[in-house]
Amino acid sequence: MNETILILDFGSQYTQLIARRLRELNVYCEIHPFNKIPNDLSAVKGVILSGSPFSVRDEGSPVPELSGIRKKLPLLGICYGAQFLARHDGGDVQPSKIREYGRANLGFIDGNSKLMHGISLNCQVWMSHGDTILNIPENYEIISSTESVKVAGFKISGEETYGIQFHPEVYHSTEGSMLLKNYVVDICGCRQEWTADSFVETSVDSLRKKLRNDKVVLGLSGGVDSSVAAILLHKAIGKNLYCIFVDNGLLRKNEFAEVLHSYKDLGLNVKGVDASDRFLDALKGVGEPEKKRKVIGNTFIDVFDHEAHLIEDVKWLAQGTIYPDVIESVSVKGPSATIKSHHNVGGLPDFMKLKIVEPLNALFKDEVRRIGRSMNMPGFILNRHPFPGPGLGIRILGEVTPEKVRVLQEVDHIFIQGLRDDNLYDKVWQSLAVLLPVSSVGVMGDERTYENVVALRAVGSTDGMTADWSHLPYEFLSKISNKIINQVKGVNRVVYDISSKPPSTIEWE
Ligand code: XMP
């Protein structure tokens, strides 16, 4: 069992960052909603209470039940977490006179405190709070202060319970990682053994125990997550893992053949299914983006269901789900009621009745890559840009036709290959080409042309939630634009997308 730090989520935008920082310290942690504390705490070495958009003074603000934890396990309250503890114990929390956001410096540090050990006087911390702890209960000791916040950090006497007003998880808190390390290592006693290699070893072991001789089916997409999940499962159960890689006709040029080939090279038991005609037929006459997504999604389910049926006696469906998809976040607006679309269509396809195994559901995206590297997977697969499930289907604006797919594949290929050739591919997070539903006038030789416009887009991002357009060199853009117009019949104009997200999304549809 992994030594675990439990992070109780009160809805702060920074909660996932706390988890990221702890993982960087090679300490395993899990985020749980503040009101869903797991019953089994046997592996838990410490608990962190996150921040929150609520004020502890608000009616209906989140109130955790800490009686099973406090004085039994070390506890660290951050921002709201600290204010909650202070107020709960009889301290006074009031709206700040000056709302304190941004940089501050720790002008006082109690050097004897285990939490503050080694932290430099006057180091920068990141504040983001509308409330301040004005008075602390008697058994609290102040362990750090800033010029305007006297209680920037406290310890409760007689217990390993701490609170801090600033956010150590944010990079702008320059020594935040050291503070978190003090907490998880010196106070909670974690051994920092959560590494890629140890993850592979323990996962393979537990997958073997769980799956025994059962057959497992997995849909490969060519993306990082499903590929790493497949290799991990393959390590555990070998040929009992049946992979299905579907060509929906909306992949990049040559991608189906190349990726299928490299999967086979990796030793995977993989079946390539060319269903392009079926997808393109289903897309005939469909122009609305969400409708296209539905048609592509439903066709995939039909194809996959049919293929899964051909595997006799298969018991499990493996998925490359990662941690951000499974974290049950505390919603500020109340429990969200999103119903996945497949729950709306009467009757589930047969493969959805299989038992589910998700070997990556405790990992963040870059950890998935690290696990892949530790299993010696090729960079070609691990460093690929994200590619959406509906593929080129949502990059051909309006109706999708085989001819438009051909044109976009050629354009996209020139762009992507150009990025690789000029060592720019790894410098951008995602790159894509879009075929616009407009024609523009041009001139080639002595002839007037009236042909398609394509847009190129390259963005920098960390998680796709926000993104900025990449400042690719003009010389590169000029070269690519010439190449596209000269080589791709049907295109006479190239534009570069210089919009950031928000407000623009990464994809155009
Ligand atoms: P947007 O366009 O919302 O995209 O800024 C954010 C990230 O999500 C990808 N994306 C999708 N992925 N199915 C997918 O599997 C989809 O329908 C879909 N739409 C957008 C997009 O490529 C980007 O990485």
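This is a predicted model: local features need pLDDT of at least 70, side-chain atom pairs count only at pLDDT 80 or more; totals for chains, interfaces and linings use all residues.
Asn-122 sits in the loop between β6 and β7; strands here are DSSP runs of E of at least two residues, and helices are runs of H or I of at least four, both numbered from the N terminus. The phi of Asn-122 is near 70 degrees, a positive value in a residue other than glycine. With a relative accessible area of 46%, Asn-122 is partly exposed; buried means under 20% relative accessible area, exposed means over 50%, and partly exposed is in between, using a 1.4 Å probe and protein chains only.

Residues are numbered from 1 along each chain as its sequence is written, and side-chain values use heavy atoms, with hydrogens and water left out.

Cys-79 also has a positive phi, of about 55 degrees, although it is not a glycine. Cys-79 belongs to the loop between β4 and α2 (80–88), and it is buried, at a relative accessible area of 6%.

Let us turn to the salt bridges. How many salt bridges does the structure hold? There are 25, where a salt bridge is a side-chain nitrogen of Lys or Arg within 4 Å of a carboxyl oxygen of Asp or Glu.

One of them joins the side chains of Arg-70 and Glu-159, at 3.0 Å from N to O. Arg-70 lies in the loop between β3 (44–49) and β4 (75–78), and Glu-159 in the loop between β9 (153–156) and β10 (161–164), so this pair ties together parts that are 89 residues apart in sequence. Both residues, Arg-70 and Glu-159, are buried.

A further salt bridge links Lys-114 and Glu-160, at 3.7 Å from N to O. Because Lys-114 lies in the loop between β6 (108–109) and β7 (124–135) and Glu-160 in the loop between β9 and β10, the pair ties together parts 46 residues apart in sequence. Lys-114 is partly exposed at 40% relative accessibility, and Glu-160 is partly exposed at 28%.

Asp-225 forms a salt bridge with Lys-365, their closest N and O atoms being 3.1 Å apart. Asp-225 is in helix α5 (residues 224–237) and Lys-365 in helix α10 (residues 365–374), so the pair ties together parts that are 140 residues apart in sequence. Asp-225 is buried, at 16%, whereas Lys-365 is partly exposed, at 34%.

Is helix α5 enclosed or exposed? Of its 14 residues, 12 are buried, so α5 is largely enclosed by the rest of the structure. Gly-238 follows α5 and has a positive phi, near 55 degrees.

Finally, I come to the ligand. Among the 13 residues around the ligand, Arg-293, Gln-430, Lys-501, Ile-506 and Glu-507 come nearest; a residue counts as near if one of its heavy atoms lies within 4 Å. A polar side-chain atom of Arg-293 lies 2.6 Å from an oxygen atom of the ligand, and for Lys-501 such a distance is 2.6 Å. For Gln-430, a side-chain N or O atom is 2.8 Å from a ligand oxygen.

Lys-501 has another feature to note: the peptide bond from Lys-501 to Pro-502 is cis, with omega near -10 degrees. The bond from Pro-502 to Pro-503 is also cis, with omega near 5 degrees. Pro-502 is placed in the segment after β19 (491–496).

Conventions. A polar contact is a pair of N or O atoms within 3.5 Å; within protein, one must be able to donate a hydrogen and the other to accept it, and residues adjacent in sequence count only if both atoms are side-chain atoms.
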